[in-house]
Amino acid sequence: GVAWIDDANVKVIEVVLDHLAYGWSAEEMHRHQPHLSLAQIHAALAFYYDHQTEFDKAAAESLARAEAAAKECAGSPGRRRVRALGRLR
């Protein structure tokens, strides 16, 4: 299943991605998401590090699916129109 932070409508992976993508510390994440306590953020990061292999595998699979979907629709009529308007490379 999906790991959620107790008493918050936030998935653990959302906190983890902020940490990995932006390099934010728990304190910085708390400044950006004040509805999460420092304890919740630390618990989410601890859960991630305890299950890092599974999280990283799921993230890689998700990225591969997104790249495959983008490749599939690269030549779609809508994308061709937007590209012709100069709003997409």
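Reader: Where is the place of Gln 40?

Author: Gln 40 sits in helix H3. Keep in mind as we go that this is a predicted model.

Reader: What makes Gln 40 count as buried or exposed?

Author: Its relative accessible area decides that. Gln 40 has a value of 18%, and buried means under 20%, so Gln 40 is called buried.

Reader: Which residues does Gln 40 touch, not counting residues up to four places away in sequence?

Author: They are Ile 5, Asp 6, Asp 7, Ala 8 and His 35, with those sequence neighbours left out. There is also a polar atom in the side chain of Gln 40 that lies 2.7 Å from the backbone oxygen of Asp 6.

Reader: How do you know that this pair is within the distance for a polar contact?

Author: The cut-off for a pair of N or O atoms is 3.5 Å, and the distance between the Gln 40 side chain and the Asp 6 backbone oxygen is 2.7 Å.

Reader: What is the phi of Asp 7?

Author: Asp 7 has a positive phi of about 60°, although it is not a glycine. As background, most residues other than glycine have a negative phi.

Reader: Back to helix H3, where Ile 41 is placed. What makes Ile 41 buried or exposed?

Author: With 1% relative accessibility and a limit of under 20% for buried, Ile 41 counts as buried. Ile 41 touches Val 15, Ala 26, Met 29, His 30 and Leu 36, not counting residues up to four places away in sequence.

Reader: Which residues have the most contacts inside the largest nonpolar core?

Author: That core has 15 residues, and those with the most contacts inside it are Ile 5, Val 15, Leu 36 and Ile 41. H1, helix H2 (26–32) and helix H3 (38–50) each supply at least two residues of this core, and H3 gives the most, with four. In soluble globular proteins, nonpolar side chains tend to be buried together.

Reader: What does Val 15 touch, not counting residues up to four places away in sequence?

Author: Leaving out those neighbours, Val 15 touches Ile 5, Val 10, Met 29, Leu 36, Ile 41, Ala 44 and Leu 45.

Reader: Now for helix H5. Why is Arg 80 called partly exposed?

Author: Arg 80 lies in helix H5 (residues 77–84) and has 47% relative accessibility.

Reader: What makes Val 82 partly exposed?

Author: Val 82, also placed in helix H5, has a relative accessible area of 36%. That value lies between 20% and 50%, so Val 82 is partly exposed.

Reader: Which helix gives the most to the lining of the largest pocket?

Author: H4 does, with five residues. The pocket has a volume of about 320 Å³. Of the 13 residues that line it, the closest to its centre are Gly 1, Val 2, Ile 13, Phe 55 and Ala 58. The lining divides into nine nonpolar, two polar and two charged residues.

Conventions. Residues numbered from 1 in each chain as written. Predicted model: local features only at pLDDT ≥ 70, side-chain atom pairs only at ≥ 80, totals over all residues. Heavy atoms only, no water. 1 Å grid on protein atoms, 1.4 Å probe; cavity = no way out; pocket = protein on both sides within 12 Å on 5 of 7 lines; lining within 4 Å. Points joined across faces, edges and corners; volume = space filled by probe spheres on them. Nonpolar A, V, L, I, M, F, W, Y, C, P; charged D, E, K, R; others polar. Core = buried A, V, L, I, M, F, W, Y, C linked by side-chain atoms within 4.5 Å. Buried < 20%, exposed > 50% of the residue type's maximum accessible area, 1.4 Å probe, protein only. Contact = heavy atoms within 4.5 Å. Polar contact = N/O pair within 3.5 Å; in protein donor to acceptor, adjacent residues only side chain to side chain.
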